[in-house]
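Have a look at the structure first, and then we can go through its charges, fold and surface together.

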Amino acid sequence: MCGIIGKVGAGNVFPELINGLKNLEYRGYDSAGVAGVIDNKILRFRQEGRISNLETEIQKAKPESFIGIGHTRWATHGSPTKENAHPHMSNDGKFALVHNGIIENAEELKKSFLDGKIKLASQTDTEIVVQLMELFYNGDVISAISETCKALTGSFAFGILCEDTPNTLYAVGQSSPLLIVKSKTGHFIASDFCAVGEEAEAVYRLTDGEICALTENDIKFFNPSGKSIEKYPEKAEFSCSAFDKGEYDHFMLKEIFEQPKAVEDTIKSFLKENEIVFPNVKLYDNYIKEKLDKIIIVACGSAYHAGLSGKGILEKLCKIPCSVEIASEFRYGETFINENTLGIFISQSGETADTLAALRLAKKKGAKILSIVNVTGSAIAEESENVIYTKAGREIAVATTKAYSAQLVSLYALALYMGKIKGSIEEEKYKNLIKEFKILPEKIEKTIKTFTPEMEELANKIYKKKAIFFIGRLNDFATAAEGSLKMKEISYINSQSYPAGELKHGTISLIEDGTIVVAVAGKSKVFSKTASNVSEVQARGADVILITDESEKDCKVTAEFTVTVPETLKEFQNSLLVLPLQLLSYYTAKNLGCDIDRPKNLAKSVTVE
């Protein structure tokens, strides 16, 4: 969730740290801080709120150092105050540390190691770590880091400075992303390559508790016990173009318009000559045909809604029972899974803590593991025997759009792939599905361009509403749930989603004159049922926005506003029906003056439970 950057090298690092933090602000923006070694002493600057507040302080103080660390925070332990901002320092001032992740046994460590010995200055789990380093330090920094990490339970990526070794920057990574980047002007650590802003000569990824010591001219790696190891660079497939909004007012709108390309690139990555071929999936034919008897999709937030859509197409095309589980609850109920279960774990970042923990449980129980992620080398990808990489590119806005669309088409492709192997899709049906699948990006582009002005106009009429309801049935409910989430997370309007048939079981009591109800009703066997639910809320005074497709353009439903997206096969229509809802949420939030790309209390990568 939080963002880390550090550098040792030529020139003054403080301006580079600030610029890097700006590019990491999507990971958290409750507070920010930097620290560097000046005259063999660690000097620290911290401010609550946005990075611009910290930048103002740095510009006034004009500090200079060739080595430093920086952090932008999403608060987990302790409120977003200056005292809780990173970097945290040991009481003796020898160590400064920044942290992404969560220390699960922080309270236990406080009692067993620090109780009565060291006074804490914050309410964070991170400060306990840096105080442990002081406790374990005997002149060998690598040993102190190793001993400290052995005591920790949880996920962490640390950037560390020590006064006794003022020319060295230290880093360690365990289940939280941390890159080591060699460039022409020095060596960096970063949660994300785009924080670096320089062309890389080599990129390394810290995993499994590995420790790194960086100087201006050298990079050394150690295993968790502090023993020296060799580590080889990976191919640097990073792009910083996503950090330019271009002609758009917000990253979210830019990313909405990037969906045709994201979907096209994702489809092209596995569609070869009209056949689905997954380079990183090894689900053998005999397993799919003879052993696989259950699918469990596990995810959070928008990825969960993508899973709800995926359930429908997987069951329809593969004839295999499928359930969708919320990752944060999966481990705490009964999990009836075994070696004949396929667990599908969906996460844009590949870091989502609840999803990763659920994956580990499913693996322990013997299930086959397949992840759908957008980040190569992420924790979830690394722990999965099968991976489908979406090709959405970097997504900056907290509210996902293009990554969600890429997840949808990945699930469509998986259903086509397994259905073809099982023989549960007729040959002619399969050909039609592939044909329509290939032109889906064109229809996505047409839908976005067509409905952008209409959704902007409609947003002008609804943005003052205090509550909005989203309804739909079967797969349409998945789209309604995603539309509701988009609305609430960026506009802060109290939007709720319900299966349309459930309204009469309590929720319809909230409908009154002028209540906005968004009804998602694509082509399906339950269209007439949703139409009846629309009539029921209209009878109570609701104003209905109907989201449907061209196959139902002559329907008998009379709504206050009707959106008719292009027709596609039923299996793929969620990819089109969701687009007007994204645009409606965006323009509603814009009318309200909300911080669309950085909504309050949220962060892009949820690396804590």
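A salt bridge is a side-chain nitrogen of Lys or Arg within 4 Å of a carboxyl oxygen of Asp or Glu. By that definition the structure holds 24 salt bridges. Please keep in mind that this is a predicted model, where local features need pLDDT of at least 70, side-chain atom pairs count only at pLDDT 80 or more, and totals for chains, interfaces and linings use all residues. Residues are numbered from 1 along each chain as its sequence is written, and side-chain values use heavy atoms, with hydrogens and water left out.

**Overall fold**

- The chain has 17 helices and 26 strands (DSSP runs numbered from the N terminus: H or I of at least four residues for helices, E of at least two for strands).
- Its radius of gyration is 25 Å, close to the 25 Å from the globule rule for 609 residues, so the chain is as compact as a globular protein of that length; the radius is taken over C-alpha atoms, and the rule is 2.2 Å times the number of residues to the power 0.38.
- Along the principal axes, the C-alpha atoms fill a box of roughly 80 × 55 × 45 Å.
- Of the contacts with a separation of 6 or more, 72% are between residues 24 or more positions apart (contact means heavy atoms within 4.5 Å).

**Burial**

- Buried residues account for 59% of the 609 in the chain (buried is under 20% relative accessible area, exposed over 50%, partly exposed in between, with a 1.4 Å probe and protein chains only).

**Salt bridges, one by one**

- Within helix H3 (residues 106–114), Glu 107 and Lys 110 lie three residues apart, about one turn of the helix, and their side chains meet at 3.2 Å, N to O. Both ends are partly exposed: Glu 107 has a relative accessible area of 47% and Lys 110 one of 29%.
- Lys 420 and Glu 275 form a salt bridge at 3.1 Å, N to O. This pair links distant parts of the chain, 145 residues apart, with Lys 420 in helix H13 (residues 402–422) and Glu 275 in strand E16 (residues 275–276).
- Lys 486 and Glu 482 meet at 2.7 Å, N to O; they sit four residues apart in helix H15 (residues 475–491), about one helical turn. Here Lys 486 is buried at 1% relative accessible area, and Glu 482 is buried at 0%.
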